[in-house]
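I opened this notebook to record what I looked up in the structure. The entries follow the order of my reading.

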Amino acid sequence: MSTLLKPKPAMKVRGARAEGPSAWMVVPALVFFVTFAVVPLLGVLFLSFTNWNGLGAITWAGLDSWRTALTDSVTLNALIVTVKIMVYSLVVQVPISLLLGVFTAGNQRYRAVLAVLYFVPLLLSSAAVAIAFKALLDPNFGMGPGLGIPVLAQNWLGSADLVLFVVIFVIAWQFVPFHTLIYQGGVRQIPASFYEAAQIDGAGRVQQFFHITLPQLKYTIITSSTLMVLGSLAYFDLIFVLTAGGPGYATRLLPLHMYLTGFRANDMGAASALGVILVVIGLGLALLLQRLGGNSRSASQLEGA
Amino acid sequence: MALATDAAQGTEARARQRSQRKLVGRSMPNFLGGLGGWVWLALIILPVYYVVITSLKNQAGFFGSNPLAPSTSPTLVNYQTVLEANFVRYFMNSVIVTLGSVIPAVVVSFMAAYAVVRGSGRIIGSAHTLFLMGLAIPLQATIIPIYFMITKAHLYDTLLALILPSIAFAIPISVLILSNFLRDVPRELFESMRLDGCSEFTMMWRLALPLVRPAVVTIAIYNALHVWNGFLFPLILTQSPDKRVLPLSLWAFQDEFTVNIPAVLAAVVLSTLPLVVLYVLARRQLVSGLTAGFNK
């Protein structure tokens, strides 16, 4: 029996060429990915050195497009807006989703029911979320007059001072449920014996949270934060429909700036330069956060479980 | 003797149970956590509630009544307006693009994942590296070359223009997750099938596919959600109304219906309905589909 189950080394050597799938199995996926991801990735670098209005001929422009993109004060503003949205999103979303994740991981029946309802925003497309909030935040026909609270009847999306916070709130509304799910999964993987031991030692709820839950969630926090940071480079559709980058340039973050430069201002060269910047930032952040996570990812967190 | 030990063990177990109950009993209900949970629920539900009740108001009711009070005479007239505004066409376009992207994406990703896990060699190795790199790169940054390629291929303003790049963008995460699951299939199973004279192709469909079917469902749902809700590709790669998909149609309805906010919100409800139905029918698969790969 055991000999049957063990791979036979002799046969393996003899059949070495025949064994294992041939490389053609990977070819269909490779062709798609190279054509529509790798080639465009090289293409964006190439196009950043050209002049193109999106319709006519493409002409070589040297560093002109880069000069246009980098000296444009809107680009610097877009970078600042992107960083602001990134940082504020982290500051707002990490604690909320962490606490909600811990909360929904509990065994009580009502928490399970709440978790089912928390999920609802994830069913809506970004366009739908943006349209819903546009209507809800309307100073005349939205929640302000609905609740009869004058403070809520502001011109939320028309004020350059308020709009960034509205955007951050709407992003949190849409994405906290997703991160809550990730944290819920993380909490459920913590062995119950840790908490039992802590309870016997007389540790209270708050102590348990800070001394067991939080350290045990280290990698979940890193994963979730990485997704949030990289996600803020992709919050294109939500902001495009909600504010179109306005008022003025108040919410024009980098991906939106790239789209508007290329497809509205018809300067595909400068837009490609912005695309390259976007790739470099994304790649840099991904590597940095990977480094932060440490190489000890394989080391067991479950010692003593 | 045996009976005595049983009895002793019984008392011991009961004592343990009692002490456990005492432990549980000692922890007070978490009022603060509960409060926070209900507050968040209110924040989640308010916009959803507002969208639904407003979509059931007529124009006069929308301008005349309290925005947060449900209509005293609910009407489906807005839904009729939306359905008459070519909504079914947009819906079908979304269905075509979603199925047309997800099915090929899952098939080619599954084959690639199988090759990555079971095979070796330079082509497979470098393909794997490429896919992994694809995970770290914000692929949205490539929309301009994609637009260029699609126009040069005379595919601009077709549904195929949306399908092709969607397949490519779905591949990295799909291969990653599927190969994680395929690695858990015991080698001995493949070995014994190989000794029976089965080809790799047969093993892939007859052995590997049934064993990792939950992962395949998860990855299909994950990709379907992304394509169904996708906005960027439709925005840059299509133009004419009869090629519109749902998210883009919502955006267009805003201009079309202008001040008829209840009709726009009815379109929001209608476009979300399929996913709500899916959520009710297959919540577990949908949830695991959404967090695909982040907990394994």
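**Entry 1: a helix pair across the chains**

I began with α3(A) and α6(B), which are roughly perpendicular to each other, because angles of 65 to 115 degrees count as such, under 35 as roughly parallel, over 145 as roughly antiparallel and the rest as oblique. The model is a predicted one, in which local features need pLDDT of at least 70 and side-chain atom pairs count only at pLDDT 80 or more, while totals for chains, interfaces and linings use all residues. Residues are numbered from 1 along each chain as its sequence is written, and chains are lettered from A and ligands numbered from 1 in the order in which they are written.

I noted that the axes of α3 (residues 27–47) of chain A and α6(B) cross at roughly 105° and come within 7 Å. Axes are lines fitted to C-alpha atoms, for helices over the stretch in contact, with angles from 0 to 180 degrees between N-to-C directions. Helices (H or I, at least four residues) and strands (E, at least two) are DSSP runs numbered from the N terminus.

I then listed the residues that meet: A:Phe36, A:Pro40, A:Gly43, A:Val44 and A:Leu47 from α3(A), and B:Ile144, B:Pro145, B:Ile146, B:Phe148 and B:Met149 from α6(B). Two residues are in contact if their C-beta atoms, placed from the backbone, lie within 7 Å. By class, this contact has nine nonpolar residues, one polar and no charged. Ala, Val, Leu, Ile, Met, Phe, Trp, Tyr, Cys and Pro count as nonpolar, Asp, Glu, Lys and Arg as charged, and the others, Gly among them, as polar.

**Entry 2: the whole interface**

I found 75 residues of chain A and 84 residues of chain B in the contact. On the side of chain B that touches chain A, helix α2 (residues 31–55) of chain B gives the most, with 14 residues. That side divides into 59 nonpolar, 20 polar and five charged residues.

**Entry 3: α12(B) and its surroundings**

I checked the span of α12(B): its 12 residues reach 16 Å from first C-alpha to last, close to the expected 16 Å, where the expectation is 1.5 Å times one less than the number of residues. Its buried residues include B:Leu246, B:Trp251 and B:Phe253. A residue is buried if 20 or more other C-beta atoms lie within 10 Å of its own, exposed if 12 or fewer, and partly exposed in between. Their cover includes α7 (126–136) and α13 (236–242) of chain A, as well as α4 (77–118) and α10 (213–229) of chain B. Just after α12(B), B:Thr258 takes a positive phi of about 35°.

I also located B:Thr238 in the loop between α11 (232–237) and α12 (246–257) of chain B. B:Thr238 counts as buried because it has 22 C-beta neighbours inside 10 Å. Beyond four places in sequence, B:Thr238 touches B:Asp157, B:Ala161, B:Leu162, B:Lys243 and B:Arg244.

I recorded B:Asn86, in helix α4 of chain B, with phi near 70°. B:Asn86 counts as partly exposed, with 16 C-beta neighbours inside 10 Å. B:His154 has a positive phi of about 55° and is exposed, with 9 other C-beta atoms within 10 Å.

**Entry 4: confidence in chain A**

I read a mean pLDDT of 82 for chain A, pLDDT being the predictor's confidence in each residue, from 0 to 100. Over residues 1–17 of chain A, pLDDT stays under 50.
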